[in-house]
Amino acid sequence: MKIPILDLGVLAKYLLPATILIGILVYLFLRGIVVYFWQATHKDKVQRKVGELRKPQAKAAPLVVRKTDLFAQLSSEQKKIYLRAKELAELQQFVEAAKLFESINFQRKAIDLLESHGLIDEACAILLRMGVPYRAAVVYERNGQYLKAGEFFLRDGKADQAARCFEKQAEKDYKLYRRASECYLKAGQVDQALQALNRLDAGPEIVPLALQHQRYEFLQRFFDLPFHAQAFLPQLQPQDLLQMIKILHPTPLSAVTLAHWTMYRPDEIMVLESLNKLGGDKELAKHFWARLDDGFCDFICGLLPTVAKLPAAELMQRHAEVLDELGRGPHAARMRVAAGANAETKMTTLAIGL
């Protein structure tokens, strides 16, 4: 029997597709077996995942877009107005063009057109018609019109931003520092209000405000100026003066400050608190006494014997030593006499049991 010759054309036509189909079926069979065994070993995890997928998903909030924000969404009549407005803008008739843009609810385009060509009042007028004075204030501030910006910030209840604008405008008109201070106070920003008044040099307003809010550190800096110390330091109540000295840091500069304050308020409270604040630090005491002239040294040495409650005798002895080092022997002697009297009084008080 003669075997027929193998026809390669027939083989390519039928055998190759059959082989591919069988391969696909074998792949799907094996894949099904793998998936089955994987699900069997991860059953709980798969069920949780399916449950999560079946939960209703929260939809994202749609973007809020005005109908007329897009040219394509305008009516045919509105499109004609839009194109006419563009023509007017090209002819540099910006106000007329802005009116047309506004008429089709394209306020943003109208405002940008006017602001970009320096028509700030006209641009802000649109914002005011829209009922957003805050945005009008932002436009005014952005264009350096701080007075108008401050007024519109106030209208919108933004006192701190209004104060900032008034303060910028006060560089040209210093009287506006008071408006800035009032706005800072309305916003509860006491320190900024005091700084604004200080730039105005409004001492009669500064001192009561600082005392009301117990801003003693600010008062220390305020009284560093001799004019301020001379004018207002004597007006302080004793408790306020004591509190201000209490928080003064013990430095050479503060010792000089105490000397200045003693010159501008030469009374018992100031002298005693200064000596007590300096304590036994001879270096600080040296700065204090070196700043005072002989007249004030005479005054202090004459005042001490009349005081009911002197500083500790040891402390006064230290001050006497400093006066000796500064070449003020007579004053040092008077200080030692006062210190000795104070020591004798102390010993007598102890002896009689008081």
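Which residues does Arg 265 touch, not counting residues up to four places away in sequence? In this predicted model, Arg 265 touches Leu 233, Pro 234, Leu 236, Leu 241 and Met 270 under that condition. Arg 265 belongs to the loop that lies between helix H16 (252–264) and helix H17 (268–278). With a relative accessible area of 8%, Arg 265 counts as buried, because buried means under 20% relative accessible area.

| Helix pair | Axis distance | Angle | Handedness |
|---|---|---|---|
| H5 (residues 107–116) and H6 (residues 120–129) | within 7 Å | roughly 160° | left-handed |
| H8 (residues 146–155) and H9 (159–169) | 8 Å | about 165° | left-handed |

The axes of H5 and H6 cross at roughly 160°, which means that H5 is roughly antiparallel to H6. On the H5 side, the contact is made by Gln 107, Ala 110, Ile 111, Leu 114 and Glu 115. On the H6 side, Ile 120, Glu 122, Ala 123, Ile 126 and Leu 127 take part. Sorted by class, this contact of H5 with H6 holds 7 nonpolar, 1 polar and 2 charged residues.

H8 and H9 pack at an angle of about 165°, so H8 is roughly antiparallel to H9. H8 brings Tyr 146, Leu 147, Ala 149, Gly 150, Glu 151, Phe 153 and Leu 154 to the contact. These meet Ala 159, Gln 161, Ala 162, Arg 164, Cys 165, Phe 166, Lys 168 and Gln 169 of H9. By class, the contact of H8 with H9 has 9 nonpolar, 3 polar and 3 charged residues.

**Helix H11**

Helix H11 spans residues 190–200, and its buried residues are Val 190, Ala 193, Leu 194, Ala 196, Leu 197 and Leu 200. These residues lie on the same side of H11, because they cover an arc of only 160° around the axis. In an α-helix there are 3.6 residues a turn, so residues three or four places apart point the same way.

What covers the buried residues of H11 includes helix H9 (159–169), helix H10 (176–186), helix H12 (203–212) and helix H13 (216–222). After H11 comes Asp 201, which has a positive phi, near 60°.

Terms used. Residues numbered from 1 in each chain as written. Predicted model: local features only at pLDDT ≥ 70, side-chain atom pairs only at ≥ 80, totals over all residues. Heavy atoms only, no water. Axes fitted to C-alpha atoms, helices over the stretch in contact; angles between N-to-C directions. Helix = DSSP H or I, 4+ residues; strand = E, 2+ residues; numbered from the N terminus. Parallel < 35°, antiparallel > 145°, perpendicular 65-115°, else oblique. Left-handed = near helix turned anticlockwise from the far one by under 90°. Contact = heavy atoms within 4.5 Å. Nonpolar A, V, L, I, M, F, W, Y, C, P; charged D, E, K, R; others polar. Buried < 20%, exposed > 50% of the residue type's maximum accessible area, 1.4 Å probe, protein only. Arc of directions from axis to C-beta.
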